[in-house]
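Let's take a walk through a protein model together. Have the sequence and the 3D view open while you read.

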Amino acid sequence: MSATLIRPRGAVEAGISPDPAPFVRRDGDGGASLTVLVGGLHCAGCVQRIEAALARRPGLIAARGNLTTGRFALRWREGEADAADLIESIRALGYTPTPFAESAVDPRADDSRRLLRALAVAGFAAANVMLLSVAVWSGAVSDMDEPTRRLFHWMSALIVLPAAAYAVRPFAGPALAHLRRGQFGMDLPITVAVVLTLGLSVAEAAQGGAHVYFDAAIMLLFFLLIGRVLDHQARARAGRLAENLLVLRGMEAMVIGEDGRARAVAVSDLVPGMALSVAAGARIAADGMVEKGTSELDTSLVTGESLPVTARPGAAVLAGTLNLGAPLVVRVRAAGEDTALAEIARLTEAAGQGRGRYVRLADRMARLYAPFVHLAALAAFALWWGVFAAGWQPALVVAVSVLIITCPCALGLAVPVVQVVASGRLLARGIVLKSADGLERLAEVDTVVFDKTGTLTTACLDLVNRDEIAGEDLAFASALAILSRHPLCRALVRATAGPDPSAAPSGAVREWPGDGLSLMSEDGEARLGRREWALGAAGAGAAGHGGPEPWLVRPGRAPVAVRFADTPRPAAAETVAALREMGLAIELLSGDREQVVGRIARAAGIGDWRADMRPADKLARLGELAREGRKVLMVGDGLNDAPALAGAHASMSPAAAADVSQAAADVLFQGDSLAPMALALRVARRAHRLAVGNFALAFGYNLFAVPVAMAGLVTPLVAAAAMSASSVLVTLNALRLSPGKGAR
């Protein structure tokens, strides 16, 4: 296991990268690997550039980047490549690479702070300069004299120039880095347009010209920074998923030494062969085997099993599972990165690799858009200066007009503005949209895959055969059950609204971990618990109903089965029917037992279901569906669903789901009902149509505006107004997503 280097907080700001050697992992076959956290990633193109540059390095086996987490997994042959050289190759591209460690400062946090500061500065300057611009515009049609107009122009320059110099850095930095490598990006036309607009405005102000364009430059920056901040924050939230998974192991474990005493040891220091003391209510910190003790484990977050699993000596246990009953001694078999929990984290992050490679529509168009904008502006300048002999200044005005009128403001807002409106509509109905591109992917879904426990069901056990149990027996069972913390006992007490004091047992009640409760009385022994244990040898042949059913055995009375069932969520069957009406295929994948899964599937009207599915099995099934060309929506709530949630085309979870599942999901819905699912899909489909319409409006605007600007028929002021109008137009189109249209 690699060492962890504690990195000084000032390292990122100072541009210092720690020695990567302690972070390198070696596989023993001549291969080495390293995970690098990269700051400065803005789009899928950044990931592709780094991967392409690293692919040319000799000795490199693989380089896989993840835009969501900001990490690159590097693997190379020792002796043919070096970790420091690979990191330096990334740095040479203009990014900030850092060997990954949990204790390291995340450079993405610095990116987020810089964007927020730039947005605040641009917003302050835009709000103030517009007051001056309105005064100048009003004076242009009245009696404002030239000295007053020039004063207002220089006041605008005093506000905008320092603000723009600061706010343009998130665009100018990547633009210059790409330009040095001979590449175009979406940031380049923004930077050039701002610089030329400000330069031309300063020249006009110095010459006493009638028009300056400080307001257009700063407003352009303000609008584009809003979209970039929202996108960055969404990716940062999703990037914390893999780290959140491993929190379930805890920070410390109690290790039993050779002297028999337990001492606290950091989870990162556990090694196979150690003996762990696991108290009741604690989570197991490593994979291992039970050596002493018998208890029950809550494995629902790891395996999806709805009922506690009995752990006896010799039983295998997994990291992250919760010990519900008695203390255990566990011998460590796998620790750290070798545990099943770490494997789930790797599956989740590997699934995220695929999602990070989805290039949004705007990013895909940027490769053609940026060169076209610059070529159009250059052609306009050459035409007016060389052919029409209009002089450099008028030619530059036309070129600047072309750059401004084609600035990608409307194109950049086409999707974000729809997302903002749609997320507001959904939020009003208890549906939280988390992913920046979740709506786009949700609209493309043609298959829905459900988890069972906590998703199709409420994970709340209900007593289903109350009428078959005599009141006296039910009261006695409840009086026994209140003495245990077992989930079935709690469900029994809840179902009976508490025990009857008159039925309280007289005598000592003993709990047998993994079996049940017993009470010795003058009449004999009474038992409440597992069927085989309560009934003895006769219990092996007793028929069960497929769900959890503790048995009550009392001297002189017939044995009684206390049957429970997982409760389907409200409107589960109606929601499944509604999804089918929308043309969606439905599947159910669960880690629970076949009888339980089949019963819930029939109740919900789902014909295609599978039981005993582990996290890797679910992810493999999603891979099969993807290879068939399906776009899958995964709906789940447990830790075991996290890899599938991350690997699906789109994902959704109840708001009460495990934290890691909430982090992986694109959409969260409040309440117990599944009805919000159908609502979210309808809104997403309509939002997708509006987003595509916005792209059509943006490109239609450019097809009309570019020739007009190149013909010299607009000034930079008119170009700025037209650019703003295109932004307003796509915003108004997005507002058509009203609650009454597609949201019911």
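This report starts with the whole chain and then zooms in on a few spots.

## The whole chain

Keep in mind that what you see is a predicted model. The protein chain contains 27 helices and 28 strands. Of its 744 residues, 52% are buried.

## Two helices side by side

Two packed helices are described by the angle between their axes and the distance between the axes.

Which residues of α5 and α7 make the contact? On the α5 side you'll find Arg150, His153, Trp154, Val160, Leu161 and Ala164, while α7 brings in Leu198, Val202, Ala205 and Ala206. Sorted by class, the contact has eight nonpolar residues, one polar and one charged.

## Nonpolar cores

In soluble globular proteins, nonpolar side chains tend to be buried together. Here, the largest nonpolar core has 51 residues. The members that touch the most others are Val160, Val194, Leu198, Ile218, Leu221, Leu225 and Ile405. Apart from that core lies another one, of 46 residues, including Ile600, Met652, Met677 and Ala684.

Now pick out leucine 225. If you skip its neighbours within four places in sequence, leucine 225 is in contact with Leu115, Ala118, Leu119, Ala122, Ala167, Pro170 and Phe171.

## A helix tucked inside

Is helix α18 (residues 471–481) largely enclosed or open? Nine of its 11 residues are buried, so α18 is largely enclosed by the rest of the structure. The buried ones are Asp473, Leu474, Ala475, Phe476, Ala477, Ser478, Ala479, Leu480 and Ala481.

Last stop: alanine 62, which sits in strand β3 (residues 60–66). Its relative accessibility is 31%, so alanine 62 counts as partly exposed; the buried label would need a value under 20%.

Leaving out neighbours within four places in sequence, alanine 62 is in contact with Ala73, Leu74 and Arg75. Look at alanine 62 and arginine 75 in particular: they are 13 residues apart in sequence, and 5.2 Å apart in space from C-alpha to C-alpha.

Definitions and conventions: Residues are numbered from 1 along each chain as its sequence is written. This is a predicted model: local features need pLDDT of at least 70, side-chain atom pairs count only at pLDDT 80 or more; totals for chains, interfaces and linings use all residues. Side-chain values use heavy atoms; hydrogens and water are left out. Buried means under 20% relative accessible area, exposed over 50%, partly exposed in between (1.4 Å probe, protein chains only). Helices (H or I, at least four residues) and strands (E, at least two) are DSSP runs, numbered from the N terminus. Contact means heavy atoms within 4.5 Å. Ala, Val, Leu, Ile, Met, Phe, Trp, Tyr, Cys and Pro count as nonpolar, Asp, Glu, Lys and Arg as charged, and the others, Gly among them, as polar. A nonpolar core is a set of buried Ala, Val, Leu, Ile, Met, Phe, Trp, Tyr and Cys residues joined through side-chain atoms within 4.5 Å.
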